[in-house]
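Open the model in your viewer and keep the sequence panel beside it.

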Amino acid sequence: LDLSSVEGLYASAAYRVEVRRAGTADAFASCFVFETRNDWVYYDFFNRDPALRPNVLRAADQFGNPKADIRTASFALFSFADTAVEVRITLLQPGMVANSVTIRPLRHGHAAIIAPDRRTLTFTLPSPQKLSVEINDRLNPLFLFADAPDVPDLTATHYFGPGIHRIPGNGTLTVRSNERVYLAAGAIVEGRFALQANSANITIRGRGILSRGEWPHPIDLSFNSLTTQTTIGTSGSHHLVIEGLTIVQSTAWQIAIEDFSARGDATHHNSYLNLKMVSFAGNTDGIWVTGRNNRVRDCFIFNNDDAFVCKGGGDTVISDCVVWGGPWGHLLLLHTILAGFPSIDNLTLENIDEIGREGSPEVLWASGSAGRTISNIT
């Protein structure tokens, strides 16, 4: 796979990942290992003097708070069913050896066997899971995104087959009601999806990668600026399904479905399933669950802002997710500011593995307008 034309996404020079059916002498199958790099330039965004806001606080080759020490985040994708698999990870960089290995979430109890030369490690994966493999320290984690096999949607309105695709122009694809978008395994799509306002019955799914590495994080952090950079967003959508994608190097909010209808009923019954997100820039909120009757399940979020955001609504469940947040943001942000939404109520988070946080001490942060309430948060 030639990634020379894809900005912000590289072939890993550090890790080789191979898998085979557990308990067999089958040959190992090699998985492509991608690498993302922490090259976010941190500006003085919040200086009260506008003339000073473009100043660089930390350049791309500087680390430490408020940017976090993490240098790279690599990942490999593979699918299997009806068997356990043996995973073999080989260290490729000269002189690199594994003195210790931590596999998160810790509750799975995965213990890697380190070879005598400390250049290779193996462990058994009983079922598809989303894992962070951390060798010696946490500066260059390797994420393993194991899925169940998928059935391609070859008749999708917008079908992206294996290979590299750049959305023409400014990189925005407009998706309308009742359309389907499919990113096949092996597809890398550079750009963003802007959903038709107040749309319905849109499906965006697949095992491909949606990349925003070509577009810089905006210096202007106004609402309008961030909206035009949102990876998947709209002012309202219902019965939306986003499933299976890997989203990398977002430059603003990742999945931000608002509700700008005067009645507050344009966004509801949306599903966000089996998503993987790996982004270093600020403002990379994971998934917004504004509206009612939304479901988030089995997602992995490595980002630098809030993992989940609700600006109004409720009757929503977020479950079985793995989250590693950055210096900005929280696990959950509740923000009752939208006209038409008097409250946030009946919101449940369950079975969430928070495997890392690099910044703010608060897990939950809430704010709102006078007269609006937040209730029944579990």
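A residue is called buried when its relative accessible area is under 20%, exposed when it is over 50%, and partly exposed in between, using a 1.4 Å probe and protein chains only. This is a predicted model, in which local features need pLDDT of at least 70 and side-chain atom pairs count only at pLDDT 80 or more, while totals for chains, interfaces and linings use all residues. Residues are numbered from 1 along each chain as its sequence is written, and side-chain values use heavy atoms, with hydrogens and water left out.

**Whole chain**

Start with everything selected, in cartoon view. The protein has one helix and 39 strands; helices (H or I, at least four residues) and strands (E, at least two) are DSSP runs numbered from the N terminus. The C-alpha trace spans about 65 × 50 × 45 Å along its principal axes.

Of the 378 residues, 54% count as buried. Of the contacts with a separation of 6 or more, 66% are between residues 24 or more positions apart, where contact means heavy atoms within 4.5 Å.

Select residues 15-21 and 85-91, which are strand 2 and strand 8. They pair in the antiparallel sense over seven bridges; two strands count as paired if DSSP finds at least two bridges between them. Show Glu-18 and its bridge partner in strand 8, Arg-88. Both strands belong to an open sheet of five, in the order 3-2-8-11-10, with antiparallel pairing. At its edges are strand 3 (29-31) and strand 10 (113-114), each of which pairs on one side only.

Next, find the open sheet with the order 1-4-7-13-12-9, where the pairing is mixed. Strand 1 and strand 9 are the edge strands, each pairing on one side only.

Select strand 4, residues 33-37: four of its five residues are buried, so this strand is largely enclosed by the rest of the structure. On one pairing, strand 1 (residues 10-11) runs antiparallel to strand 4 and is joined to it by two bridges, with Tyr-10 opposite Glu-35. Strand 4 also pairs with strand 7 (residues 72-79), in the antiparallel sense over five bridges; here Arg-37 has Thr-72 as its bridge partner.

Move along to strand 12 (residues 130-135) and strand 13 (residues 142-147), which run antiparallel and are joined by four bridges. Ser-132 has its bridge partner, Phe-143, in strand 13.

**Backbone exceptions**

Most residues other than glycine have a negative phi, and most peptide bonds are trans.

- Select Arg-104 and Pro-105: the peptide bond joining them is cis, with omega about 0°. Pro-105 lies in the loop between strand 9 (101-104) and strand 10.
- Select Asp-298, whose phi is positive, near 60°. Asp-298 sits in the loop between strand 32 (295-297) and strand 33 (300-302), and is partly exposed, at 33% relative accessible area.
- Select Asn-351 in strand 37 (residues 343-357). Its phi is also positive, near 55°.

**Two glycines in loops**

Is Gly-191 buried or exposed? Gly-191 is buried, with a relative accessible area of 0%. Look for it in the loop between strand 18 (187-190) and strand 19 (192-195). Leaving out residues up to four places away in sequence, Gly-191 touches Ile-167, Gly-171, Leu-210, Ser-211, Arg-212 and Trp-215.

Finish at Gly-282, in the loop between strand 29 (276-278) and strand 30 (287-288). Gly-282 counts as buried, at 0% relative accessibility. With residues up to four places away in sequence not counted, it touches Trp-40, His-217, Thr-251, Asn-304 and Trp-328. Draw a C-alpha to C-alpha distance from Gly-282 to Gly-326: it is 8.4 Å, for a pair 44 residues apart in sequence.
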